[in-house]
Amino acid sequence: MPFRLRTAVGGATLATAAVLLCPAAAAARPAAAPTPPAWSSAPAPGAGAAPGAPDRPFFYLEGAPGTVLADRLSLSNPTGRALTVRLRGSGAGGGISLASKEVRIPPHTRAGVPFTVTVPRDATPGGRSGTLLATGVGKGAGAGRRAVPLHLRVTGPVLSALTVEKVSVRRAGGAAVIRYTLVNRGTTVLRPRIAVRADGLFGPLLRRAARTRPPVLAPGRAVDLTETWSAPPALDAVEVRLTATAAGGAHDAATASYTAAPWGVLAAPPLLLAAGVGGLVMLRRRRRGSGPGGSRGEGAAPGPDGGTRPSGDEPADAAPVLAGTGPGARG
């Protein structure tokens, strides 16, 4: 066999053997060790209130206003080096307090961090949401952030109560402004709906369907609101009624009276009264001026001869005529 032919056959044989042996070599190579999982945070097994399963997906706490609730956060470090984790709580009424804000976890160790949640004294019954946030300090496996949800339920009686107060109506140019105050008298957060109506002497004047105002009203809070009436009557006696409703059966209504009249109509009665009083005063003054000492028309005044002077109602020549016709006139 020529030399070149033997060389080609030998090369093909070696190539075939390499292809056949590669899978076996790969199978014989040992598998790489899996990468250890990163650190984690979770509710401590069996701690806290219901749910009490060993692996809790979140914290659940409940209590009355003013109480302090306790639980534990579990931090797990499966890596081969120590890790540092910073902790922070948020939400749930702002009353989350951790035993430590920074924790160093040794390798292959689990650390438990106690914390408390203080329910505010003025908290209303219902649910609150919060979070326990753990942030790793460093790079690589020690980096990252983990958040564990926290659900807080505040116990206590649930009461929905709402009042409408201080209703008034005032003219403002060509419109009228309705002012009122809404007060949440209950223990739950309300979303009040306000309806407005106005009725005059001759029938309805305004019908405004219920709408949400304000968006949210917390327990014990009051808010001052206004409604603009763009086309009130020019002359009428009006009763304005506000009706407030909210979820849970909260309901209240209040009214206010409003008299609409032009300025001239309102000013006429006082002017007429002033004119009448002025006329009466002038009449009394005239009567006083015509009384005793004011003229000589009443009674008789003494004459020069000791007699009496005729009253002003008699003619001036009455006395001479009578004297000339008496007994002394003969002759």
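1. A residue is called buried under 20% relative accessible area, exposed over 50%, and partly exposed in between, using a 1.4 Å probe and protein chains only. A82 has 24% relative accessibility, so A82 counts as partly exposed. A82 is found in the loop between β3 (68–77) and β4 (83–91); helices (H or I, at least four residues) and strands (E, at least two) are DSSP runs, numbered from the N terminus.

2. A note on the source. This is a predicted model, in which local features need pLDDT of at least 70 and side-chain atom pairs count only at pLDDT 80 or more, while totals for chains, interfaces and linings use all residues. Residues are numbered from 1 along each chain as its sequence is written, and side-chain values use heavy atoms, with hydrogens and water left out.

3. The protein as a whole. There are three helices and 16 strands. Of the 331 residues, 28% count as buried. A contact means heavy atoms within 4.5 Å. Among contacts between residues at least 6 apart in sequence, 61% join residues at least 24 apart.

4. Back to A82. Leaving aside its neighbours within four places in sequence, A82 is in contact with N77, R104, I105, P106 and P107. A82 and G142 are 60 residues apart along the chain, and their C-alpha atoms are separated by 8.5 Å.

5. Two strands pair if DSSP finds at least two bridges between them. The order in this open sheet is β2-β9-β8-β4-β6, with mixed pairing. β2 and β6 (102–105) stand at the edges with a single partner strand each, so one side of each is left without a neighbour in the sheet. Neighbouring strands here are turned by 25 degrees against each other on average, direction ignored; axes are lines fitted to C-alpha atoms, for helices over the stretch in contact, and angles run from 0 to 180 degrees between N-to-C directions. Inside this order, β8 (residues 126–137) and β9 (residues 145–154) pair in the antiparallel sense over 10 bridges. T135 stands opposite R145 in β9.

6. The sheet of three strands. This open sheet has the order β10-β11-β14 and antiparallel pairing. Its edge strands, β10 (162–172) and β14, each pair on one side only. β11 (residues 175–184) and β14 are joined in the antiparallel sense by eight bridges, and the bridge partner of T181 in β14 is D224.

7. R213 is placed between β13 (203–212) and β14 (222–229). Its side chain reaches the backbone oxygen of T226 at 2.7 Å. Such a polar contact is a pair of N or O atoms within 3.5 Å; within protein, one must be able to donate a hydrogen and the other to accept it, and residues adjacent in sequence count only if both atoms are side-chain atoms.

8. The hairpin of β15 and β16. Strand β15 (residues 236–246) runs antiparallel to β16, and 11 bridges join them. L242 stands opposite A254 in β16. The hairpin has three residues between the strands, and G248 takes a positive phi near 85 degrees.

9. Which residues form the covered face of β16 (residues 250–260), and which the uncovered one? The covered face has A250, D252, A254, A256, Y258 and A260, while H251, A253, T255, S257 and T259 form the uncovered one. In a regular strand the side chains alternate between the two faces of the sheet.

10. A residue of β15. A237 lies in this strand and has 33% relative accessibility, so A237 counts as partly exposed. Not counting residues up to four places away in sequence, A237 touches D199, G200, L201, Y258 and T259.

11. Aromatic rings. Rings of Phe, Tyr and Trp (its six-membered ring) pair if their centres lie within 6.5 Å; planes under 30 degrees apart count as stacked, over 60 as edge-to-face and the rest as tilted. The count by this rule is one aromatic pair. F59 and F115 form it, edge-to-face, at 4.9 Å centre to centre and 80 degrees between the planes. F59 is in strand β2 (residues 59–63) and F115 in strand β7 (residues 109–118), 56 residues apart. F59 counts as buried because its relative accessibility is 0%, and F115 counts as buried because its value is 2%.
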